[in-house]
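Subject: A structure for you to look through

Hi there,

Here is the structure I promised to pass on to you. Please open it first, and then read my notes below alongside it.

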Amino acid sequence: MTPKTQITILMATWNGAAHLAAQLESIAAQTHHDWRLWVGDDGSTDDTRDILADFAARVPQEVRLFDGPRRGVAANFLTLLCRQDLPPGPVAFCDQDDVWYPHRLDRALDRLGAAPGVALYCSRTDLGHDPDHPRATSPLWQRPPCFRNALIQTVAGGNTMVLSPEAVALAREAGADPLPAFHDWWFYLLVTGAAGRILYDAQPTLFYRQHEENTLGRNRGFGARYARLGTIWQGRYHHWMTRNIRALQRNQHLLTPENRALLTEFAALRRRKGPRVVAGWQRLGLHRQGRMETLLMAGAAMLGRI
């Protein structure tokens, strides 16, 4: 993609006034200036809308504010993405409380430009409470992204994702109904399921601000691992998986024949219990990025928790 490629940034907001200004300033400071910002606000009652209005008045780029569907973050992002008036071109996704590094858009567009067709760019992130003092960096995944991984795990947060125009078209064709569990997991599933490319960048491109409510998003350390095990035991993970599979089954025509068959086998395997389920996981090649987590999840599947 050329330096003049115009990119649409989609942001979902809800009562984000505490950190929104810092995120907006980091967007304004991008080395790639040809962007527009579309925001879906899910009914904020703080100063979020005023902060956005002030930002729109100060920058030369287009900033538009829409009323969100008030059905959660995934519905907010997918509603924006599926708007009929969405301009053509690549799309970046933006959380309300992160801080982007100045090279984020340029780096993503350079990678996407070298990989024509259906492609998804994503990256590692720096983590912490203060962008001036990051405490850690998200894991560096070693196994190649693929549909067999995507069925049970996503490798990157939506706040780092940028879709090529072809990937945007794919996601828009899939639509927002039935609603998958998470928009970022959904894009990983769709792109790998359609044999698109995942461009995983080992260099962090933003600061991911940590809160108690995004413990799962940390994806690092004992606390995050304990939280994931909790979601499995409580049945939340099973619910998320069911939503993802339902959305995939609705869009089987977008998957390759091999991945359609894999989806059918995986859906059938989820209805079973016992040691044979573990053997089924091995036969299908289902895996998380970590071997221990793969074994633990296969064990949970044996108990009917996946």
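The secondary structure of the protein chain comes to 13 helices and 11 strands; these are DSSP runs numbered from the N terminus, with helices being H or I of at least four residues and strands being E of at least two. Please keep in mind that this is a predicted model, in which local features need pLDDT of at least 70, side-chain atom pairs count only at pLDDT 80 or more, and totals for chains, interfaces and linings use all residues. Residues are numbered from 1 along each chain as its sequence is written, and side-chain values use heavy atoms, with hydrogens and water left out.

The whole chain

Of the 306 residues, 54% are buried, where buried means under 20% relative accessible area, exposed means over 50%, and partly exposed is in between (1.4 Å probe, protein chains only). Among contacts with a separation of 6 or more, 79% are between residues 24 or more positions apart; contact means heavy atoms within 4.5 Å.

Helices that pack together

Start with helix α12 (residues 275–284) and helix α13 (residues 291–302), which pack at an angle of about 135° with their axes 8 Å apart. That angle makes α12 oblique to α13. Axes here are lines fitted to C-alpha atoms, for helices over the stretch in contact, and angles run from 0 to 180 degrees between N-to-C directions. Angles under 35 degrees count as roughly parallel, over 145 as roughly antiparallel, 65 to 115 as roughly perpendicular and the rest as oblique. The crossing of α12 past α13 is right-handed; a crossing is left-handed if the near helix is turned anticlockwise from the far one by less than a right angle, and right-handed if clockwise. On the α12 side the contact is made by P275, V277, V278 and W281, and on the α13 side by T294, M297, A298, A301 and M302. By class, that contact has 8 nonpolar, 1 polar and no charged residues. (Ala, Val, Leu, Ile, Met, Phe, Trp, Tyr, Cys and Pro count as nonpolar, Asp, Glu, Lys and Arg as charged, and the others, Gly among them, as polar.)

Next, look at helix α7 (residues 183–193) and helix α10 (residues 236–250), whose axes come within 11 Å and cross at roughly 45°. α7 is therefore oblique to α10, and α7 passes α10 in a right-handed crossing. W185, W186 and L189 of α7 meet Y237, W240, M241, N244, A247 and L248 of α10. This contact of α7 with α10 has 8 nonpolar, 1 polar and no charged residues.

α10 also packs with helix α11 (residues 257–269), at an angle of about 145° and with the axes 11 Å apart. The crossing of α10 and α11 is left-handed. Here M241, I245, L248 and Q249 in α10 meet L263, F266 and A267 in α11.

An enclosed helix

Is α3 buried or exposed? Of the 9 residues of α3, 7 are buried, so α3 is largely enclosed by the rest of the structure. The buried ones are A74, A75, N76, F77, L78, L80 and L81, and what covers them includes β1, β2 (35–41), β3, β4 (91–94), α6 and α7.

Some backbone details

Most residues other than glycine have a negative phi, and most peptide bonds are trans. N15, in the loop between β1 (7–13) and α1 (17–28), has a positive phi near 50°. N15 is partly exposed, at 28% relative accessibility. R70 has a positive phi of about 60° and is found in the loop between β3 (63–67) and α3 (73–81). At 62% relative accessibility, R70 counts as exposed. Finally, a cis peptide bond with omega of about 5° joins D177 and P178, and P178 is found in the loop between α6 (165–174) and α7.

Enjoy exploring!

Best wishes
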